[in-house]
Amino acid sequence: MPDVLTYLPHIYARPNLPKLDRFYQKAVLVWIPEFLFPELQAVPCPGCGGKGAPDGWNPKGPRRVFMEHDVAYVMGFRYKCAKCAEFNEGKQEAEKRKTSFNAWDAGCLRRLPEYMSKEFHFLLTKRSGIEICMVDRLADDLVHGKGFSAAAKNIRQAHTTKFMVDQLKYTSLVNTRRTSSGIFRSANLAKIPERFGSFDDSTKYGGAVPSEHYLRDVWRLYFSKLPVLEVDSVD
Ligand SMILES: [Zn+2]
């Protein structure tokens with residue numbers, strides 16, 4: 001994940017009024033395992049393990065995922081499997097295999113060695129996703145008697161705190177550029193600074209938090225995917 005420090009010096013280096021878009025930037029994870037791990041010749045097809053051939057970016061675009069303090073976006077390629085396409089020839093509709101997939105599909109991740117698959121830190125839901133460490137924290141919250149509603153509230157608090165701090169940094173920077181001495185001061189004073197906007201304005205900050213209902217669904221999804229520990233002769 002890109003760290004905030006990778007772009008901060010750039011914002012502060014400009015002598016004129018700061019542009020707001022830098023303050024709205026979200027982290028983007030580009031999940032293309034064969035680029036991240038050059039030793040991987042091709043992404044394995046979930047259905048047959050054959051070589052997946054990249055077929056352009058996923059047409060649905062980047063997927064929004066919930067992180068601890070903000071949202072981020074995950075994007076990647078679609079892949080096609082020639083073996084499964086060959087298998088489908090002349091078959092009935094019901095017998096046909098899926099011939100295209102994503103590198104984050106559970107079946108594909110399962111076929112990758114763990115040092116690769118564990119670099120994908122998200123549990124994806126139908127339309128969005130959530131960072132696995134937040135689901136782990138949810139487990140801890142539930143064990144300690146906190147419900148989904150309290151967990152959702154904690155996440156909301158962390159996200160709104162980040163939003164408030166970002167807004168504070170922006171207004172402080174604007175005020176400094178308009179009041180401190182320098183050749184741009186009068187020009188900066190004459191301009192009307194852009195407003196930061198609200199937390200959930202999708203054209204600006206674009207904040208979003210998972211609902212209590214969403215966390216409950218994620219919890220069920222996560223536990224249905226955990227491997228079952230089979231132990232013989234337990235008293
Ligand atoms: Zn296949």
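Rings of Phe, Tyr and Trp (its six-membered ring) pair if their centres lie within 6.5 Å; planes under 30 degrees apart count as stacked, over 60 as edge-to-face and the rest as tilted. This is a predicted model, where local features need pLDDT of at least 70, side-chain atom pairs count only at pLDDT 80 or more, and totals for chains, interfaces and linings use all residues. Residues are numbered from 1 along each chain as its sequence is written, and side-chain values use heavy atoms, without hydrogens and water.

**View 1. An aromatic cluster.** Ring pairs join F23, Y24, F163, Y170, F196, F199 and Y205 into a cluster. A search of the whole structure finds 17 aromatic pairs.

**View 2. F163 and F199.** The ring centres of F163 and F199 are 5.6 Å apart and the planes stand at 85°, so the pair is edge-to-face. This pair links distant parts of the chain, 36 residues apart. F163 belongs to helix α8 (residues 148-179); helices are DSSP runs (H or I, at least four residues), numbered from the N terminus. F199 is in the loop between α9 (185-190) and α10 (212-225). Both F163 and F199 are buried (under 20% relative accessible area, 1.4 Å probe, protein chains only).

**View 3. Y170 and F196.** Here the centres of Y170 and F196 lie 5.7 Å apart with planes at 45°, so the pair is tilted. Y170 sits in helix α8 and F196 in the loop between α9 and α10, 26 residues apart. Y170 is buried at 3% relative accessibility. F196 is buried at 4%.

**View 4. Charges over rings.** A charge sits over a ring if NZ of Lys or CZ of Arg is within 6 Å of the ring centre and within 35 degrees of the ring normal. K26 lies over the face of Y205, 3.6 Å from the ring centre. The charged end of R97 is over the ring of F87, at 3.8 Å from its centre.

Methods
Helix = DSSP H or I, 4+ residues; strand = E, 2+ residues; numbered from the N terminus. Buried < 20%, exposed > 50% of the residue type's maximum accessible area, 1.4 Å probe, protein only.
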